[in-house]
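User: Please take a close look at a single part of this structure and describe its surroundings in one connected account. I would like each term given with its cut-offs.

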Amino acid sequence: MPDVMVEPTIREEDCFVLPLTGREVDQICIDYAVTLVIDGTDTVRLDSPFTVSFSDRTLLVDPQRLDTVAPVLDLFRAVILRAAAGRDGSLLLSFDDDRSLRIEADPDGEAWEIGGGLPPISPSYRIVSLPAGSGIEFS
């Protein structure tokens, strides 16, 4: 089945609100990136450094440095309250229990991508942060 374009649920002035609200992180994969698997069907792949915030601290995570990725494990079973892709290529995921993740656009490459769908139940989609703050691309 060919990819079908998926539009975000809400377009706001400076971002697109993505259809991940109420869904749970049920797997975390670490290689040369950090990937959050959402409800077994969607993935959020983070290739560039990002911040993860908790009620008492904010930490910088660099997927290329294994010694910085452990705090991401605290997002296991987190429920997404809001997922917003900035028109500038940034991504903000807000979770329950006062947790969040933010990644900015990477001047040299794709900082993050979200993909998913479960054909034929739901269409396949891919959203990518374009290099140099050029925005995001939906396919």
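Analyst: **Contacts and surroundings**

Leaving aside residues up to four places away in sequence, Asp 47 touches Ala 33, Pro 63, Glu 110 and Ala 111, where contact means heavy atoms within 4.5 Å. This is a predicted model, in which local features need pLDDT of at least 70 and side-chain atom pairs count only at pLDDT 80 or more, while totals for chains, interfaces and linings use all residues. Residues are numbered from 1 along each chain as its sequence is written, and side-chain values use heavy atoms, with hydrogens and water left out.

Asp 47 sits in the loop between β5 (42-46) and β6 (50-54); strands are DSSP runs (E, at least two residues), numbered from the N terminus. With a relative accessible area of 26%, Asp 47 is partly exposed, a class lying between buried (under 20%) and exposed (over 50%), for a 1.4 Å probe and protein chains only. Although 64 residues separate Asp 47 from Ala 111 in sequence, their C-alpha atoms are 5.2 Å apart. The Asp 47 side chain also makes a polar contact with the side chain of Arg 45 at 3.2 Å, that is, a pair of N or O atoms within 3.5 Å, one able to donate a hydrogen and the other to accept it, with residues adjacent in sequence counting only if both atoms are side-chain atoms.

Glu 110 and Ala 111 are also among the residues that Ser 129 touches. Ser 129 belongs to strand β12 (residues 122-129) and is buried, since its relative accessible area is 0%, while its side chain reaches the backbone oxygen of Gly 89 at 2.8 Å.

Technical notes
Helix = DSSP H or I, 4+ residues; strand = E, 2+ residues; numbered from the N terminus.
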